[in-house]
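I opened my notebook to go through this one piece by piece. Here is what I looked up, in the order I looked it up.

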Amino acid sequence: MSDYVPRLDDITFILDHVAGLEEVSKLNGYQHADPETVAAILEEAGRFFSEVMAPLNQIGDRQGSVLTEEGTVRTPDGFKEAYRKYVEAGWAAAHMPEKWGGGGLPYTVGVVIEEMFKTANLAFSLCPTLTHGAVEALRTHGSEELQGTYLEKLVRGQWSGTMNLTEPEAGSDLGALRTRAVPQGDGTYRLFGTKIFITWGDQDLTENVIHFVLARLPDAAPGTRGISMFLVPKFIPDDMGNPGQRNDFKIVSLEHKLGIHASPTCVVSLGDAGEGALGWVVGEANEGMRNMFTMMNAARIGVGMEGVAIGERAYQRALRYARDRIQGRAIGASDTESVPIIEHPDVRRMLLTMKANVEAMRSLLYVTAAEADHHFHGETEEQRRLAGSRLALLTPIVKAWCTDVGVEMASLGVQVHGGAGYIEETGAAQYLRDSRIAPIYEGTNGIQAIDLVLRKLPLEDGAVVTALITEMTEVVIQMNHHPELAGFGDELSRAIRGLAESSTWLGERLASGDIQSALAGATPYLRQFGTVVGGWLMGKAALAALSAPPAVKPEFLAEKVITARFYGEQILPLANGLVSAVKGGADILENAVF
Ligand SMILES: Cc1cc2nc3c(=O)[nH]c(=O)nc-3n(C[C@H](O)[C@H](O)[C@H](O)COP(=O)(O)OP(=O)(O)OC[C@H]3O[C@@H](n4cnc5c(N)ncnc54)[C@H](O)[C@@H]3O)c2cc1C
């Protein structure tokens, strides 16, 4: 049996009772995705990822992807065959647009399928994650001609997509990038430059790899205003649309790194042969950053999902180990009677911390995905606008909070194993190594926190944050009717007040122009925000469980209430401990001596 079994009970419960799948399925174009159909699809998906992808996780870690002498990437044993099955089964295209050969499922459902893939095999899953981002960019900004040539193949997973942004001198600040695009006078461009850290920049899974590259035109303005996005195929399609001549796009080397070994992280040279890599502009020239954000916003949610996924995988392994490992005596038991470590209160605390955090993060992920569906498919302009603002607010929180907590949960998973966790054979260490990249790429978590404070908090003069706080408070009111949730409700009420206090303080700093102080508090604010949002959603889940929805097993409902109470009574109170860090101002940081 696979060592990863998707927790479909929790997944479907959150979809149905926290994220509002039924409402999503009423949206235009999604009527076929009713909760019953979705549950059946997810069961099938769970089986696939557990049986086909999960067994390759450790193999991928040990073998890694390698660069061959021919300059192409060879993936670990079994990856090619598994990818073929993934595409044939339609999982690659499940939530992609029907118009281009996709399954047309809501994003809310696509997110669950992707979460399962990431939980089964994080490094492998990055290939389709980037392809999905490429599809979004091309669908939204590409010309009809480019769409006609590339979209269907990308949607079906026949070809893959990559994001080529980073350069040695341009990481968080993409405005510093130097890659040049020279117009050829016939609508095409030749690109010259070096890109680093390009995930799945090459592979042997698909017949072609389509790169989305940020570069500058000769007369471009400095900084981010002068960046354009180009589509650069590995093989230039011939007249029939099939992969033809090899482009001047060379994989120079693969990075040696801490984790996600199966994911080739490429150093790339464009124009190495002197000719220049042939490319086509996507969208308007000089609007590359704006267009790239279409890819990045989807990818940010995709990366946040990695925190959920790695936390779940680490939890499942730790739970199994804790049931099997005999060590120590239970309090009050005889001297000779050793017990499985799961009986010790401290081990139970670690396991419950992992479980509760994963469920809170999963709830945030699905709720955010549902906002995306309402934003793109909502019936009225007003519904689409409201969902779009909420989506914008929650995106940096999904990315940064889920990935920070994901790393902590992977670390806790190692701790549950004791010394065995530190030994590679156990597998727990791989999750910790794999998890560590997620807070870094797709905009570091520090950059996400800045986005939250400088761009999202001021949205509509603070009304977007205020509306969320009001909605959270309504959950507290409902919790007051349930004596078993009294403690949780009090904590949630306190935590919401703390969040309002931090938000007001930061808003005042921004209004007075004291940006340094606002930025100094950005990271603790994001952590506080995520923790409180997690409390709100676990509160919603507990309320739903207490209303005993039919067709959900009573044992699961009781378990959900206990897990939610643990989050509310023991994790959530930590949020208010962050208020003083949020309001600490810039003084201490500015005067720090290093
Ligand atoms: C395994 C891996 C895969 C990757 N995949 C891709 C990919 O597919 N495509 C791609 O284009 N890139 C990719 N990247 C690059 C990744 O997105 C960058 O590493 C990331 O954006 C950070 O840039 P940097 O490494 O230059 O760090 P820097 O920008 O140098 O940042 C260093 C530190 O300074 C902080 N910092 C920087 N600027 C500020 C600021 N203004 N305010 C506050 N703090 C700041 C950062 O938060 C960070 O803590 C990948 C990286 C890795 C390691």
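**Entry 1**

I started with the second largest cavity, which is lined by Tyr83, Tyr86, Ala92, Pro128, Thr131, His132, Leu154, Val155 and Gly157. Helix H5 (79-88), H7 and helix H8 (144-156) each give two or more residues to that lining. H7 gives the most, with 3 residues. I sorted the lining by class and got 6 nonpolar, 3 polar and no charged residues. The space itself comes to about 40 Å³. A reminder to myself: this is a predicted model.

Next I asked how many cavities of 30 Å³ or more there are. The count comes to 4. The largest cavity has a volume of about 70 Å³. Its lining is made of Tyr86, Trp91, Ala92, His95, Gly110, Ile113, Glu114, Phe117, Ser125, Pro128, Thr129 and His132. H6 and H7 are the elements that give two or more residues to this lining. By class I wrote down 6 nonpolar, 5 polar and 1 charged.

**Entry 1: aromatic rings**

Some of those names came back when I turned to the rings. One aromatic cluster is formed by Phe48, Phe49, Phe79, Tyr83, Tyr86, Trp91, Phe117, Phe124 and Trp200. I counted 13 aromatic pairs. I picked out Phe124 and Trp200, which are stacked, with 6.2 Å centre to centre and 25° between the planes. Why does this pair tie together parts that are 76 residues apart in sequence? Phe124 belongs to helix H7 (residues 122-141) and Trp200 to the loop between strand S5 (189-199) and S6, so the pair links those two parts. Are Phe124 and Trp200 buried or exposed? Both are buried.

I also noted a charge over a ring: the charged end of Arg509 sits over the ring of Trp505, 4.3 Å from its centre.

**Entry 2: strand S6**

The loop with Trp200 leads on to S6, so I looked there next.

Then I checked the neighbours. Strand S3 (residues 159-164) pairs with S6 in the parallel sense over 6 bridges, and Gly161 stands opposite Ile210. Strand S7 (residues 228-233) runs antiparallel to S6, also joined by 6 bridges.

The largest pocket holds about 1100 Å³ of space. I found 45 residues lining it, with Thr166, Ile440, Tyr441, Glu442 and Gly443 nearest its centre. H7, S5, helix H9 (288-324), helix H11 (381-416) and helix H14 (445-456) each give two or more residues to the lining. Which element gives the most? H9 does, with 8 residues. The classes are 21 nonpolar, 13 polar and 11 charged.

The second largest pocket has about 970 Å³ of space and 37 lining residues. Nearest its centre are Glu136, Thr294, Ala298, Ala372 and Phe376. Helix H6 (107-120), H7, H9, helix H10 (345-377) and H11 each supply at least two residues. H9 has the largest share here, with 10 residues. By class I noted 14 nonpolar, 16 polar and 7 charged.

Note on methods. Residues numbered from 1 in each chain as written. Predicted model: local features only at pLDDT ≥ 70, side-chain atom pairs only at ≥ 80, totals over all residues. Heavy atoms only, no water. Pairing = 2+ DSSP bridges. Helix = DSSP H or I, 4+ residues; strand = E, 2+ residues; numbered from the N terminus. Phe/Tyr/Trp six-rings, centres within 6.5 Å; stacked < 30°, edge-to-face > 60°. Buried < 20%, exposed > 50% of the residue type's maximum accessible area, 1.4 Å probe, protein only. Lys NZ or Arg CZ within 6 Å of the ring centre and 35° of its normal. 1 Å grid on protein atoms, 1.4 Å probe; cavity = no way out; pocket = protein on both sides within 12 Å on 5 of 7 lines; lining within 4 Å. Points joined across faces, edges and corners; volume = space filled by probe spheres on them. Nonpolar A, V, L, I, M, F, W, Y, C, P; charged D, E, K, R; others polar.
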